[in-house]
Amino acid sequence: MGAAMKNGKDETVGGIVMMLRGETAVRSFAGWLIKSGKSMKQHPPENIRIVPYYDRSDIVSASVGTVNRALIEGSMLVLIVLYLLLNSFRGSLVVLIALPFRCWLHSL
């Protein structure tokens, strides 16, 4: 995209990988690495390295793990509270199973 300086000494070129709607950061970045690697094999440049500066895949993986843990803890809390209120394990389990489907249908 343009020339820049890295650490005030070396000249570098910066680029941005744009993510398409509905894609994940990991797949977008992996696809870019594969495409850029193929083009570099066809036209090998001299003294050029591709070094990612900011990779979001670790942040995205950690965030998904946090959301999964929160959903499991919340489901357990809902199960316990409904069991205490309804005094029926089957009834609270039916409501717990119906909640994700309700949210999924609402998002469509």
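Start with the lining of the second largest pocket: by class, 8 nonpolar, 2 polar and no charged residues (Ala, Val, Leu, Ile, Met, Phe, Trp, Tyr, Cys and Pro count as nonpolar, Asp, Glu, Lys and Arg as charged, the others, Gly among them, as polar). You're looking at a predicted model: local features need pLDDT of at least 70, side-chain atom pairs 80 or more, while totals for chains, interfaces and linings use all residues. Numbering runs from 1 along each chain as its sequence is written, and side-chain values use heavy atoms, leaving out hydrogens and water.

Select Leu71, Ser75, Leu96, Leu99 and Pro100, which lie nearest the pocket's centre among its 10 lining residues. Now colour α2 (57-86) and α3 (89-107), the elements that give two or more residues to that lining (helices are DSSP runs of H or I, at least four residues, numbered from the N terminus).

Next, stay on α2 and pick arginine 69 and glutamate 73. Their side chains meet in a salt bridge at 3.6 Å, N to O (a side-chain nitrogen of Lys or Arg within 4 Å of a carboxyl oxygen of Asp or Glu). The two sit about one helical turn apart, because they are 4 residues apart in helix α2. Select Ile80, Tyr83, Leu84, Phe89, Leu93, Ile97, Phe101, Trp104 and Leu105, with about 980 Å² of accessible area together (patch residues have over 30% relative accessible area and no salt bridge, and nonpolar side chains, meaning Val, Leu, Ile, Met, Phe, Trp and Tyr, are joined within 5 Å; areas are Shrake-Rupley with a 1.4 Å probe). α3 gives the most, with 6 residues. Finish on tyrosine 83 in helix α2, which is partly exposed at 38% relative accessible area (between buried, under 20%, and exposed, over 50%).

Notes: On a 1 Å grid over the protein atoms alone, a cavity is a set of points where a 1.4 Å probe fits but cannot get out, and a pocket is an open set with protein on both sides within 12 Å along at least five of seven lines; lining residues have an atom within 4 Å of a point. Patches are made of residues with over 30% relative accessible area and no salt bridge: like charges are joined within 9 Å, nonpolar side chains (Val, Leu, Ile, Met, Phe, Trp, Tyr) within 5 Å. Buried means under 20% relative accessible area, exposed over 50%, partly exposed in between (1.4 Å probe, protein chains only).
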